[in-house]
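Hello,

Here is the structure for you to look over. My notes on it follow below.

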Amino acid sequence: MPSLLVEVLLEPARALSLPLAGWDLLLRQARRANLIARLHDVLADAGVAAPPPARLHLQAARRIADAQRQRMRWELGCIAQALAGVTPCAVVLKGGAYLALDLPLARSRLYGDLDLLVPRAELAEVESALLIHGWVFEPLSAYDEQYYRRWMHELPPMRHRRRGTALDVHHTLLPLTSRTALATPALFEDLRPLAAWPGLATLAPPDLLLHSATHLFHEGEFANGLRDLFDLDALVRHHGADAGYWERVVERAGRLGLRRPLHYALRHSARALGTPVPAAVQRELEAAAPRWPLPAVLDACYERALQPQHPSCETPAAAGARALLYLRSHWLRMPLPLLLRHLARKAWRRLTGAERREQEAAQRVDA
């Protein structure tokens, strides 16, 4: 059953009959899902006036979204300056890309960090340039540092020393040990240079959708899952009517090896939000799905996980569904022997306090 938040975002007129307690619940769900600025815009576009106490929260969310958007545009300029002459193809991903392209969904999005994609061969030079311009690595244990650099698809998380901006630098979209064989060089085949930020680019519209789908349906964290599902829906609604869009999406999914996450993304976005996906595309992608009963199990898990993580949306099976999807994400992330060794080592380090001591030491060095 959809949450109150989803019901109102899809049918804003439903908010007209809400009592104050209903508005309170609606705002709490929206805040937990990072969709409160979107709620403001949906209600405003529909001409639905919130009662005064709720209106104050919605207007504050609108101002925060505007301020964050302005800040992120400034950060894009800082990153472009830092990487000038270092790499010809630094690709802005996810929310930063939506903002740089001025897509409609960017206006109501709240931003936590920026994500970049650069060729792995240029990763060392990019890292050096960012360090010179004030970005530093978050304190990590030595083991976690090795984990990122040896097996993951990105550098350890970075943060600017003065401005506090969080930055994730990727060299591919999935861990190097992932069971999904991603054709990483193909990611750089069709980029869209950003005139406002020379040296930066975004993925082409089909690849924007594929990255969004892969991020949500290959990973196992759902704190922003509902927001990301609305992002998928918005990307489809914005580009879906473009000539040749769906043919290119399916072609690129095959080229990159991402047909399965695309299948899950379009299936669940259509089921939950009514995303307009051509039936022929859905049928073609179904060939990438596993055999029964796994699809039925995943459907049940995603239906429960892709909700606001608010107590009002918790069902007896919700926590179990998220746990199963978290385990699935680790199963997809690395082969079983490596996964067992990694989890055993992490558990042992936490039990003995070694991880905490190394993080504290790293924090002292950083200070």
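First, a convention on charge: Lys and Arg count as positive and Asp and Glu as negative, while His and the chain ends are not counted. The place of a charge is taken as NZ of Lys, CZ of Arg, CG of Asp or CD of Glu. On that basis the chain has 46 positive and 38 negative side chains. The centres of the two sets lie 4 Å apart.

This is a predicted model: local features need pLDDT of at least 70, side-chain atom pairs count only at pLDDT 80 or more, and totals for chains, interfaces and linings use all residues. Residues are numbered from 1 along each chain as its sequence is written, and side-chain values use heavy atoms, with hydrogens and water left out.

Now the fold. The chain has 16 helices and seven strands (DSSP runs: H or I of at least four residues for helices, E of at least two for strands). The C-alpha atoms fill a box of roughly 55 × 50 × 50 Å, taken along the principal axes.

Next, the cysteines. How many disulfides does the structure hold? Zero, where a disulfide is a pair of cysteine sulfur atoms within 2.5 Å. C301 is buried, at 6% relative accessible area. C313 is buried too, at 11%.

Best wishes

How values were computed
Buried means under 20% relative accessible area, exposed over 50%, partly exposed in between (1.4 Å probe, protein chains only).
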